[in-house]
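Hi there,

Here is the structure I promised to pass on to you. Have a look at it first, and then read on for what turned up.

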Amino acid sequence: MAGASTPEGSEPTWHDSLLGYCGGSEARRAQAEDMMARLAHRAGITLDYHVKTQWQPVESQRVLLWSAKKGLAEKYMSALARKHFEERTSASHRATVVAAAVEAGMDKSEVESFLDTDELRKEVWDSYRTTIDDKGIHAIPLFVFNLAGVTDGGPFRSRGPRAEHWEVQGSGNAREFAAVFEEITRKVEQK
C-alpha cells in the first residue's frame, strides 16, 4: 500500500494493495476479498475494492480528531467510510475528506482552512507510531481474546501486549479463529 507521501490519485487500489498484504497470493487475496464482501453484505454494505488507498490517510485522521471536538466524529466516519468503501472515492483524497465532513455537518471553508494547517498532524503520526511500535497492531480489525480469570493480555490491557492472550490481526480466516477458540477451549479444560 502507498504511504502518506504518495501523490493523490497515484495510489494503488485496495485490490492491488491486498495482494502484498496477502503475501503475493492471488488465491488468498480472493479469499480475503470474498470473506470481507460477504460480511459487509450482511451489514448492508457493498464493498468496492478498486478504490485508491494508502496505509496512512493522515488528512482523514486529522479531520476525525478535529470532528470529535465538535461532536461529529461518528457522522464524519460514517460518511467517509461509505464514500471510501462503497462509492470509490478515496478516504486519502482531500475532496472526499471535505465532502464527508460537510455531510457530517461541518462548514466546508472551516474544514479546508483546518486542512491547510498542520494542526493535529503530529498527534496522528504519534498515534500511528504507538499503535504499531508500542501496541504491536499492524492490521485492522484486531481481535483480542482473553479468558476471564486466566489471561489479561493485549495491547489495551493492564498487563500489556506480552501477557498471555490470543490475537487475530486483520481479516483473519475461519481457520485462524477456530485455532484460537480451540486453544482457549483446551485452556479452559486444563483449569
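Predicted model: local features only at pLDDT ≥ 70, side-chain atom pairs only at ≥ 80, totals over all residues.

Where does Arg62 sit, and what does its side chain reach? Arg62 belongs to helix H3. Its side chain makes a polar contact with the side chain of Glu59, at 2.7 Å. The side chain of Arg62 also reaches the backbone oxygen of Glu119, at 2.8 Å. If you set aside the neighbours within four places in sequence, Arg62 is in contact with Phe114, Leu115, Thr117, Asp118, Glu119, Leu120, Arg121 and Val124.

In soluble globular proteins, nonpolar side chains tend to be buried together. In this model, the largest nonpolar core has 17 residues, and Val63, Tyr76, Met106, Val111 and Leu115 have the most contacts inside it. Two or more residues each come from helix H3 (58-69), helix H4 (73-86), helix H5 (94-103) and helix H6 (108-115). H5 gives the largest share, four residues.

Which residues does Val63 touch, leaving aside its neighbours within four places in sequence? They are Tyr76, Val97, Ala101, Phe114 and Leu115. There is also a second, separate core of nine residues, and Cys22, Ala40, Leu47 and Val51 are among them.

Best wishes

Key: Residues numbered from 1 in each chain as written. Heavy atoms only, no water. Core = buried A, V, L, I, M, F, W, Y, C linked by side-chain atoms within 4.5 Å. Buried < 20%, exposed > 50% of the residue type's maximum accessible area, 1.4 Å probe, protein only. Contact = heavy atoms within 4.5 Å. Polar contact = N/O pair within 3.5 Å; in protein donor to acceptor, adjacent residues only side chain to side chain.
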